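This report walks through one protein chain, from its overall make-up to a few single residues. Please keep the sequence and the 3D view open beside the text while reading.

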Amino acid sequence: MKHVSKMTPRKQSPSKQASRQLLSIVIGFAIGLAALGGVIYAVMPGRPTLESPEIGGSFTMIGQDGRVVTNADLVGRPYLVFFGFTHCPDFCPTALFDISAVFKEMGADKKVSALFVTVDPERDTPDVLKTYLENFDSRIIGLTGDNQKIEAIAKAFRVYAKKVPGENPNDYTVDHTGVVYLMDKRGKFVSAFNLQRPPQQAARELEAYL
């Protein structure tokens, strides 16, 4: 009878066992992070998909001269859209000053516009907007309306706006999105317009859409 020797499995050293356990933990953690990342990406607002809503659209507002202003009135010229309010301490007037500088660089004969849409319709009446915008380029159009119209146009441009109470009912501010939107001659959104550069450079970009 032949003697068959049985091979006994070699015991792994404690250090190798620990290394394999650590590797398994790391791999499992990485897989978990990847899965979590996929979930977060899937629910992120603004994630570009074929079903994502467009920025902008039709609107009917009241201009600083009291007349009705619609998106159809701007067809045929590129324009900028900026949301703010006349009681804004520094950000809004700075942006409007920069837009005025860009328009000045382009020349008075260029058919461009900018919409300054208030997020504070309670205080920003047409008359208030008219007085306020006298300090800037005349091609900047102030827009206001009732709360429903303000909410509708803010939603169309994906703008965040929230009133922040002050010490008394009339002493409040409004937190809001500070993006300047560039729209082409058809009223279609192109991109965010960068004002943090020399007005000559910004003017050259805007002229490309005339």
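## Overall make-up

In this predicted model, the secondary structure of the chain comes to 5 helices and 9 strands. Read from the N terminus on, the elements follow one another as α-β-β-β-α-β-α-β-α-β-β-β-β-α.

The chain has 210 residues, and 34% of them count as buried. Its accessible surface comes to about 13700 Å², and carbon and sulfur atoms account for 58% of that area. Among the contacts in the chain with a separation of 6 or more, 70% are between residues 24 or more positions apart.

## The sheet

In what order do the strands of the open sheet stand? The sheet has 7 strands in the order β2-β1-β5-β4-β3-β8-β9, and the pairing is mixed. Strands β2 (68-70) and β9 (189-192) stand at the edges, and because each has a single partner strand, one side of each is left without a neighbour in the sheet. From one strand to the next, the twist averages 35°.

In soluble globular proteins, nonpolar side chains tend to be buried together. In this chain, the largest nonpolar core has 47 residues, and F83 and F103 are those with the most contacts inside it. The elements that give two or more residues to this core are β3, α2, β4, α3 (126-133), β5, α4, β8 (180-183) and α5 (199-207). Of these, α2 gives the most, with 7 residues.

Which residues does F103 touch, once those up to four places away in sequence are set aside? They are L80, V112, S113, A114, D137, R139, I140 and L206.

Residue T118 lies in strand β4, and because its relative accessibility is 0%, T118 counts as buried. A polar atom of the T118 side chain lies 2.9 Å from the backbone nitrogen of D120, and a polar contact of 2.5 Å joins the side chains of T118 and D124. Leaving aside its neighbours within four places in sequence, T118 is in contact with G84, F85, D124, L143, T144 and I150.

Residue R123 lies in the loop between β4 and α3. Is R123 buried or exposed? Its relative accessibility is 16%, and since buried means under 20%, R123 counts as buried. The side chain of R123 makes a polar contact of 2.5 Å with the side chain of D120. Not counting residues up to four places away in sequence, R123 touches F85, H87, V128, N170 and Y172.

How many residues apart in sequence are A152 and F59? They are 93 residues apart in sequence, while their C-alpha atoms are 8.0 Å apart in space.

Technical notes: Residues numbered from 1 in each chain as written. Predicted model: local features only at pLDDT ≥ 70, side-chain atom pairs only at ≥ 80, totals over all residues. Heavy atoms only, no water. Pairing = 2+ DSSP bridges. Helix = DSSP H or I, 4+ residues; strand = E, 2+ residues; numbered from the N terminus. Axes fitted to C-alpha atoms, helices over the stretch in contact; angles between N-to-C directions. Buried < 20%, exposed > 50% of the residue type's maximum accessible area, 1.4 Å probe, protein only. Contact = heavy atoms within 4.5 Å. Areas by Shrake-Rupley, 256 points an atom, 1.4 Å probe, with all protein chains shown as cover. Polar contact = N/O pair within 3.5 Å; in protein donor to acceptor, adjacent residues only side chain to side chain. Core = buried A, V, L, I, M, F, W, Y, C linked by side-chain atoms within 4.5 Å.
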